[in-house]
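Dear colleague,

Please open it first, and then read the notes below alongside it.

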Amino acid sequence: MDLGLKDRHAIVLGASQGLGLGVARALLGEGASVTLVARSMERLTAARADLPADEQARCDLVVAYLGEPGAVDAILDGAQRDGRVVDILVNNSGGPPTGLPSGVSVDEMSRQFDKMVQPIMALTLALLPGMRARKWGRIITIASSGVIQPIPHLPISNALRSSLVAFMKTLAGEVAADGVTVNVMAPGRIATARTQSIDSAQAKRSGRSEDEITKESASSIPAGRYGTVEEFGAVAAFLASAPASYVTGSVIRVDGGAIRSI
Ligand SMILES: NC(=O)c1ccc[n+]([C@@H]2O[C@H](COP(=O)([O-])OP(=O)(O)OC[C@H]3O[C@@H](n4cnc5c(N)ncnc54)[C@H](OP(=O)(O)O)[C@@H]3O)[C@@H](O)[C@H]2O)c1
């Protein structure tokens, strides 16, 4: 299937590793040009250096710290330089701290809102008018399985990502007739540095080994394993594609069957 991404330009947030990099690689593999965003130029440069030469040539890097003043402008300036238009926005961020809901600090919740929600809404709203005027756009937001089945030790993640799901669903209805689709992806457990650090924290809390925790977690997933960033990226590339034009307002699970509800 031709995904029709060859002349498309995407911004992918949180793209120096993990899910964001998996999505960026899938888009580049389909011929799109991609602006990779993260806090560390060193990690971004390393990620780009690992790509085939023709993909490196279609890959720009922007350093921005989501949650810091000026981040959204830096991303827009970098991605839209020389009048380039942005057809695809892949919203992503770092994950918040883990802990029990009864122990949540509201100040921390507010700080995390500024990193995980505010810049994503600001970028989405800034790019939307151009997408609507051109009658083509894709807004994809990486959330979590926790927006469907809350994860016990991730109360801030569950709460803040749910606010993004509600916003994106509302937006999808407003812009569907303009050729702009708005979808959310709900990863279950995809093997990345973030899942490893969550397993490591769980191991420390329970006095067990990280390996034991990871095996137990994998065995609770019907697929019997964590997903790969390539599997995740492939779903994102489809959502970004021309043939996905009638998929909007959806929360798409990429979870190996982990979420038990219908
Ligand atoms: N992996 C999973 O199974 C899973 C499941 C559910 C939800 N999620 C969520 O999905 C998101 C991505 O997950 P992941 O596993 O790919 O995480 P990850 O491996 O920790 O990658 C996070 C990416 O975001 C960048 N980043 C972090 N904070 C940033 C900030 N303030 N501003 C700009 N860039 C920032 C990081 O690069 P720099 O450090 O260079 O900035 C990195 O490229 C996280 O929010 C995670 O909680 C993941």
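Which residue lies over the face of Trp136, at 4.1 Å from the ring centre? Before the reply, please keep in mind that this is a predicted model. The residue is Arg138, and the charged end of Arg8 also sits over the ring of Trp136, 3.7 Å from its centre.

Next comes the ligand, which is surrounded by 29 residues, the closest being Ser16, Leu19, Arg39, Ile190 and Thr192. The protein covers 93% of the 880 Å² of accessible area that the ligand has on its own.

Turning to the strands, β2 (residues 33–38) pairs with β3 in the parallel sense over five bridges, and Val34 has Cys59 of β3 as its bridge partner. Because four of the five residues of β3 (residues 59–63) are buried, this strand is largely enclosed by the rest of the structure.

Ser102, by contrast, counts as exposed because its relative accessibility is 72%, where the cut-off for exposed is over 50%. Ser102 is found in the loop between β4 (88–91) and α5 (106–116), and its C-alpha is 43 Å from that of Gly130, although the two residues are 28 apart in sequence.

With kind regards

Note on methods. Residues numbered from 1 in each chain as written. Predicted model: local features only at pLDDT ≥ 70, side-chain atom pairs only at ≥ 80, totals over all residues. Heavy atoms only, no water. Buried < 20%, exposed > 50% of the residue type's maximum accessible area, 1.4 Å probe, protein only. Helix = DSSP H or I, 4+ residues; strand = E, 2+ residues; numbered from the N terminus. Pairing = 2+ DSSP bridges. Lys NZ or Arg CZ within 6 Å of the ring centre and 35° of its normal. Near = heavy atom within 4 Å. Areas by Shrake-Rupley, 256 points an atom, 1.4 Å probe, with all protein chains shown as cover.
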